[in-house]
Amino acid sequence: MSTPVEMTPTRSGTADRAPAGLPSTLRTPFHVLAKPTGPICNLDCEYCFFLSKESLYPGDRFRMGDDLLETYLRQYLGSQPDGEVTVAWQGGEPTLMGVDFFRRAVALAEEVARPGQQLQHTIQTNGTLLTDAWCELLARHHFLVGISIDGPPGLHDRYRVDKRGAPTSARVLRGLALLQSHGVDVNVLCTVHAANQDHPLDVYRYFRDDLGVTFIQFIPIVERENETGFQEGDTVTDRSVDPVAWGTFLGSVFDEWVVRDVGTVFVQMFDAALASWCNLPSSLCIFRETCGDAVALEHNGDLYSCDHFVEPAHLLGNITTTTMVELVTSPKQRAFGQAKADTLPGMCRTCEVRFACNGECPRNRFVTTPDGEYGLNYLCAGYKSFFTHVDGPMRLMAQLLGSGRYADEIRDVFASMGRNDPCPCGSGRKAKACHQR
């Protein structure tokens with residue numbers, strides 16, 4: 001795609017300035033995960049797929065300069081429509097940049113944003129470097145902070161260790177307590193892997209009851225066995241989650257959540273599934289029919305097709321020489337996004353839960369179907385089990401929402417059932433053998 005004149009950046013100092021007056025018809029909503037420290041992190045989590053990306057930039061300092069920061073924010077905010085715009089920071093560990101970098105980032109974003117844009121700042125962190133100064137900044141500017149915790153200390157510390165191999169849970173929990181004491185909005189990101197996959201309720205109740213967390217993401221660890229750290233090969237490490245265990249984990253948490261926590265605890269996976277049952281676009285790109293609208297920005301301005309495909313084959317270009325809009329709307333990136341639908345195996349196309357799954361993320365499609373077709377998702381068995389398991393309650397919540405009521409009223413439905421009544425979930429079992437267990 002050629003770049004219209006209105007998109008061509010002008011030079012002010014050393015920063016590319018995307019035009020604030022870009023015509024609204026040319027503004028393209030997309031999401032950027034900016035990585036100001038690249039893959040550099042103060043921890044050494046055993047399953048981390050991003051630490052190996054350091055090899056892409058040998059000898060680099062891995063620090064985003066202020067010139068690039070301005071280039072990024074001007075191009076990104078200049079390209080986005082009015083309304084809420086998310087400015088997202090990730091790593092590696094982004095807090096290694098120091099709090100002053102983020103003070104400058106927030107100030108510049110607010111300077112650049114148009115009157116019709118409302119900024120939502122987010123950052124994903126391991127929490128170990130947080131201080132009162134950090135939390136004051138995060139609270140003042142209403143950051144949504146994702147903090148990585150894999151469950152109770154014994155489960156968290158199995159893989160989430162520092163550079164010396166020492167456990168990290170105590171430091172992470174100190175960071176979480178600081179965030180909570182400052183009133184920062186917190187979302188726990190929990191990876192599910194071989195160490196915690198068999199403890200779904202221990203993990204969920206720990207977050208809900210012990211930590212007081214009300215926003216939770218569960219992310220499956222699917223770690224391919226290779227020397228590059230790229231998305232290649234068809235075997236996984238022993239740290240990876242088992243597909244069946246993944247489905248059981250989600251289903252077990254869902255069964256507790258649906259009878260007592262709908263409306264008070266928000267689990268991203270469940271919210272995304274409910275959208276599908278309501279015939280709405282999923283809030284998660286992994287469940288959409290196509291993808292390509294969520295890109296990753298490296299510390300030096302390199303833009304990649306996806307956070308999970310930061311590798312040479314998926315480098316789109318550098319925003320200091322080609323505008324971000326041009327890279328995101330390029331034929332290469334459009335082909336990347338469309339390939340998700342085009343390469344879906346025939347088995348998936350006729351699957352009864354395709355509407356909710358759409359083959360999930362392409363990064364996990366590396367096994368063969370029973371009839372020998374390549375491209376089946378490694379986690380297929382788990383997702384099919386989970387989406388089938390939640391069908392009844394999802395239909396109930398979708399009906400409630402469709403009639404102008406609230407999804408959390410499903411709790412009243414379950415609370416009113418007799419023990420010998422058929423369970424409202426539609427399983428065909430009596431309540432006492434199902435959701436009243």
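Is T369 buried or exposed? T369 is buried, at a relative accessible area of 4%; here buried means under 20%, exposed over 50%, and partly exposed anything in between, with a 1.4 Å probe and protein chains only. Some notes on the rest follow.

1. Ground rules. This is a predicted model, so to speak on its own terms: local features need pLDDT of at least 70, side-chain atom pairs count only at pLDDT 80 or more, and totals for chains, interfaces and linings use all residues. Residues are numbered from 1 along each chain as its sequence is written, and side-chain values use heavy atoms, with hydrogens and water left out.

2. Back to T369. It sits in the loop between β13 (365-368) and β14 (374-377); strands are DSSP runs of E, at least two residues, and helices are runs of H or I, at least four, all numbered from the N terminus. Not counting residues up to four places away in sequence, T369 touches P345, M347 and L376, where contact means heavy atoms within 4.5 Å.

3. The sheet. Ten strands make an open sheet with mixed pairing, in the order β9-β8-β7-β6-β5-β4-β3-β10-β11-β12. Two strands pair if DSSP finds at least two bridges between them. At the edges are β9 (266-267) and β12 (315-318), each pairing on one side only.

4. Around β10. Strand β3 (residues 31-34) runs parallel to β10 (residues 294-297), with four bridges joining them, and V32 stands opposite V295. On to β11 (residues 302-304): this strand is antiparallel to β10 and is joined to it by two bridges, with L297 and L303 as bridge partners. The hairpin of β10 and β11 has four residues between the strands, and G301 in this hairpin takes a positive phi near 100°.

5. The β9 end. Strands β8 (residues 215-220) and β9 pair in the parallel sense over two bridges, and I216 has V267 of β9 as its bridge partner. Helix α6 (residues 200-210) lies across β7 (185-192), β8 and β9, running at about 155° to β8. Axes are lines fitted to C-alpha atoms, for helices over the stretch in contact, with angles from 0 to 180 degrees between N-to-C directions.

6. Cores. A nonpolar core is a set of buried Ala, Val, Leu, Ile, Met, Phe, Trp, Tyr and Cys residues joined through side-chain atoms within 4.5 Å. The largest one has 104 residues, of which Y72, W89, F207, F218, W257, F387 and M397 touch the most other members. Its largest share, eight residues, comes from helix α2 (residues 99-112). Leaving aside neighbours within four places in sequence, M397 is in contact with F254, W257, V258, V262, L274, A407 and I410. Another core, of six residues, lies apart from the largest one, and its members include F50, F62, Y304 and V310.

7. Helix packing. The axes of α1 (residues 66-79) and α2 come within 10 Å and cross at roughly 35°. Residues making the contact include L69, L73 and L77 of α1 and A105, L108 and V112 of α2.

8. Cysteines. There are zero disulfides, a disulfide being a pair of cysteine sulfur atoms within 2.5 Å.
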